[in-house]
Amino acid sequence: DRSIAVCKKGLTIDSMSTGLRTAMAYAQYHKSEFKNAIENFEIVKAQGDSTSFVVKNLGYAYYRDNQFEPARKHLTKAAKMLYDEGRDEYNVYFFLSDACVQLNDPKAALSFLQRADSLRYPSSEVQSKIYKSFASVYNSERDWANGAKYFEMAYKTDPEDKGSLLL
């Protein structure tokens, strides 16, 4: 609350400050004020700041607001930008994959999940989530063998996560 208030006050002094507006949008996102975050990230973009940080977080805000087509658009752009910067982030591909699932594009979803999986983060919890997503997409396509295979991999990766068995 305080960070948003400070940013709002600063914007009354300098309404063109992309730094303050970006900070406010980021704080709004983390307070689950997704529509406000989208509005402010879009203003920052319109002012000429289309860094990977802004584009990625705009994509996340659209995703969290259940606007999956703009989420996919921005996260795809962010993934390309981050790759070009040498900073691939599995989260971008993971959320991009789920946006594709929501848009009924399982082929793209699997492609993005494969990219997320290739980045191999050491956390077993993260790896288990990726495997569970693979399983869900395969099951939605009625590919039961691959669905079962990935559920098993999720369980083996993180046996403490009993949710792997419930999906």
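Select His74 in this predicted model: with a relative accessible area of 4%, the residue falls under the 20% limit and is therefore buried. His74 sits in helix α5. To see what surrounds the side chain, display Glu42, Lys45, Val55, Leu58, Gly59 and Tyr62, the residues in contact with His74 once neighbours within four places in sequence are set aside.

**The whole chain**

Next, show the chain as a cartoon. The secondary structure amounts to 9 helices and 0 strands, and the order along the sequence reads α-α-α-α-α-α-α-α-α. The C-alpha trace extends over about 60 × 30 × 30 Å along its principal axes. Of the 167 residues, 45% count as buried. If contacts are drawn between residues at least 6 apart in sequence, 47% of them join residues at least 24 apart.

**The nonpolar cores**

Now select Ile130 and Phe134. These two residues have the most contacts inside the largest nonpolar core, which has 42 residues. Colour the elements that contribute two or more residues to this core: α2 (18-30), α3 (34-46), α4 (52-64), α5 (68-84), α6 (90-102), α7 (106-118), α8 (124-140) and α9 (144-157). The largest contribution is that of α6, with 8 residues. Another core, of 5 residues, lies apart from this one; select Cys7, Leu11, Met24 and Ala27, which are among its members.

Return to Phe134 and display its contacts. Beyond the neighbours within four places in sequence, Phe134 is in contact with Leu110, Leu113, Gln114, Asp117 and Tyr150.

**Helix α8**

At 1.5 Å a residue, its 17 residues should span 24 Å, and the end C-alpha atoms are 24 Å apart, which agrees. Within α8, highlight the buried residues: Val126, Gln127, Ser128, Ile130, Tyr131, Lys132, Phe134, Ala135, Val137 and Tyr138. In an α-helix there are 3.6 residues a turn, so residues three or four places apart point the same way. The cover over the buried residues of α8 includes α6, α7 and α9. Past the end of the helix, select Arg142, which follows α8 and has a positive phi, near 60°.

**From α7 to α8**

Helices α7 and α8 pack at an angle of about 160°, and their axes are 10 Å apart. Angles over 145 degrees count as roughly antiparallel, so this description applies to α7 and α8. The crossing of α7 past α8 is left-handed. On the α7 side, show Pro106, Ala109, Leu110, Leu113, Gln114, Ala116 and Asp117; on the α8 side, Gln127, Ile130, Tyr131, Ser133, Phe134, Val137 and Tyr138 complete the contact.

**From α8 to α9**

The crossing of α8 past α9 is left-handed. From α8, the contact involves Ser124, Gln127, Ser128, Tyr131, Lys132, Phe134, Ala135, Tyr138 and Asn139. From α9, select Trp144, Asn146, Gly147, Ala148, Tyr150, Phe151, Met153, Ala154 and Thr157.

Terms used. Residues are numbered from 1 along each chain as its sequence is written. This is a predicted model: local features need pLDDT of at least 70, side-chain atom pairs count only at pLDDT 80 or more; totals for chains, interfaces and linings use all residues. Side-chain values use heavy atoms; hydrogens and water are left out. A nonpolar core is a set of buried Ala, Val, Leu, Ile, Met, Phe, Trp, Tyr and Cys residues joined through side-chain atoms within 4.5 Å. Buried means under 20% relative accessible area, exposed over 50%, partly exposed in between (1.4 Å probe, protein chains only). Helices (H or I, at least four residues) and strands (E, at least two) are DSSP runs, numbered from the N terminus. Contact means heavy atoms within 4.5 Å. The expected span of a helix is 1.5 Å times one less than its number of residues. Axes are lines fitted to C-alpha atoms, for helices over the stretch in contact, and angles run from 0 to 180 degrees between N-to-C directions. Angles under 35 degrees count as roughly parallel, over 145 as roughly antiparallel, 65 to 115 as roughly perpendicular and the rest as oblique. A crossing is left-handed if the near helix is turned anticlockwise from the far one by less than a right angle, and right-handed if clockwise.
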